[in-house]
Amino acid sequence: SQNPDMAIEHAFDYLKTHPVIRPSKTFASIYNTLGSILLERGLTNQALEYILISKSFMDEDDLTPWVELNLGNVYFKIGDWINAKKQYEIALKIFSEDEVGPIQFRGLATALNNLGMIEYENKRYRAALSYYDEAMRNRIRSGSRRGLIFQYIQYGQLYNDMDKSELALQM
């Protein structure tokens, strides 16, 4: 089972007991995870701070698209569509250059879906649908049933808001 409080406790224990080294994938991952947990708890300012710290532990050759996605999620949460889109596009570019496989497809699907969510929030439903379609193609390639279910929910919400409830019911 997942326990965010225990994850936070272990993360801070690690940070207190290990020397700071840059660049460090471990430190980057810890700060990114802390930022993600804080974002889930609605602490956007703290989440932004930790995710930015995470980026400071990466070198130029070791860009992590998941960190870019999390940064985009912070901007999305506060309604900063321009910066959210920028971060999702950075993640999309990195995932596009990654080695082909389930993780790449899951990442592409996530970035595309998040770009679609920006369009959805701004009531540009056709653009959202286009992103969702591409996200769905990548979710199928990833083999993730959970990802497929999530994408179907996105479609259902979109079709409902487009007053195409017959399509929403078909999902």
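Me: Which residues count as charged here, and how far apart are the mean positions of the positive and negative charges?
Reply: Lys and Arg count as positive and Asp and Glu as negative, while His and the chain ends are left out. On that count the chain of this predicted model has 19 positive and 22 negative charges, and their mean positions lie 4 Å apart.

Me: What makes up the secondary structure of the chain?
Reply: The chain has 9 helices and 0 strands. Read from the N terminus, the order is α-α-α-α-α-α-α-α-α.

Me: Why is the chain called as compact as a globular protein of its length?
Reply: The globule rule gives 16 Å for 171 residues, and the radius of gyration of the chain is 17 Å, close to that value, so the chain is as compact as a globular protein of that length. Along the principal axes, the C-alpha atoms fill a box of roughly 55 × 35 × 35 Å.

Me: How much of the chain is buried, and what does its accessible surface come to?
Reply: Buried residues account for 42% of the 171 residues. The accessible surface is about 10,200 Å², and carbon and sulfur atoms hold 52% of that area.

Me: What share of the contacts joins residues at least 24 apart in sequence?
Reply: Among contacts between residues at least 6 apart, the share is 47%.

Me: What makes a set of residues a nonpolar core, and which members of the largest one touch the most others?
Reply: The members must be buried residues of the nonpolar kinds, Tyr included, joined through side-chain atoms within 4.5 Å. The largest such set in the chain has 34 residues, and L15, Y31, L34, L69, A84, Y88 and L92 touch the most other members. At least two residues of this core come from each of α1 (4-17), α2 (25-40), α3 (44-56), α4 (65-77), α5 (81-97) and α6 (102-121). The largest contribution is that of α2, with 8 residues. In soluble globular proteins, nonpolar side chains tend to be buried together.

Me: Why is L34 called buried?
Reply: Buried means under 20% relative accessible area. L34 has 4% relative accessibility, so L34 counts as buried. This residue is in helix α2. Beyond its neighbours within four places in sequence, L34 is in contact with I8, A11, F12, L15 and Y50. L34 and P4 are 30 residues apart along the chain, and their C-alpha atoms are separated by 8.9 Å.

Me: How do you know whether L38 is buried or exposed?
Reply: The cut-off for buried is under 20%. The value for L38 is 15%, so L38 counts as buried. L38 also belongs to helix α2. Leaving out neighbours within four places in sequence, its contacts are L43, Q46, A47 and Y50.

Me: What makes S54 a buried residue, and what does S54 touch?
Reply: S54, in helix α3, has 0% relative accessibility and therefore counts as buried. Not counting residues up to four places away in sequence, S54 touches A28, Y31, N32 and V67.

Me: Which residues does Y31 touch, not counting those up to four places away in sequence?
Reply: Y31 touches L15, Y50, I51, I53, S54 and F57.

Definitions and conventions: Residues are numbered from 1 along each chain as its sequence is written. This is a predicted model: local features need pLDDT of at least 70, side-chain atom pairs count only at pLDDT 80 or more; totals for chains, interfaces and linings use all residues. Side-chain values use heavy atoms; hydrogens and water are left out. Helices (H or I, at least four residues) and strands (E, at least two) are DSSP runs, numbered from the N terminus. The radius of gyration is taken over C-alpha atoms; the globule rule is 2.2 Å times the number of residues to the power 0.38. Buried means under 20% relative accessible area, exposed over 50%, partly exposed in between (1.4 Å probe, protein chains only). Contact means heavy atoms within 4.5 Å. Accessible areas come from the Shrake-Rupley method with a 1.4 Å probe; for residues, only the protein chains shown count as cover. The place of a charge is taken as NZ of Lys, CZ of Arg, CG of Asp or CD of Glu.
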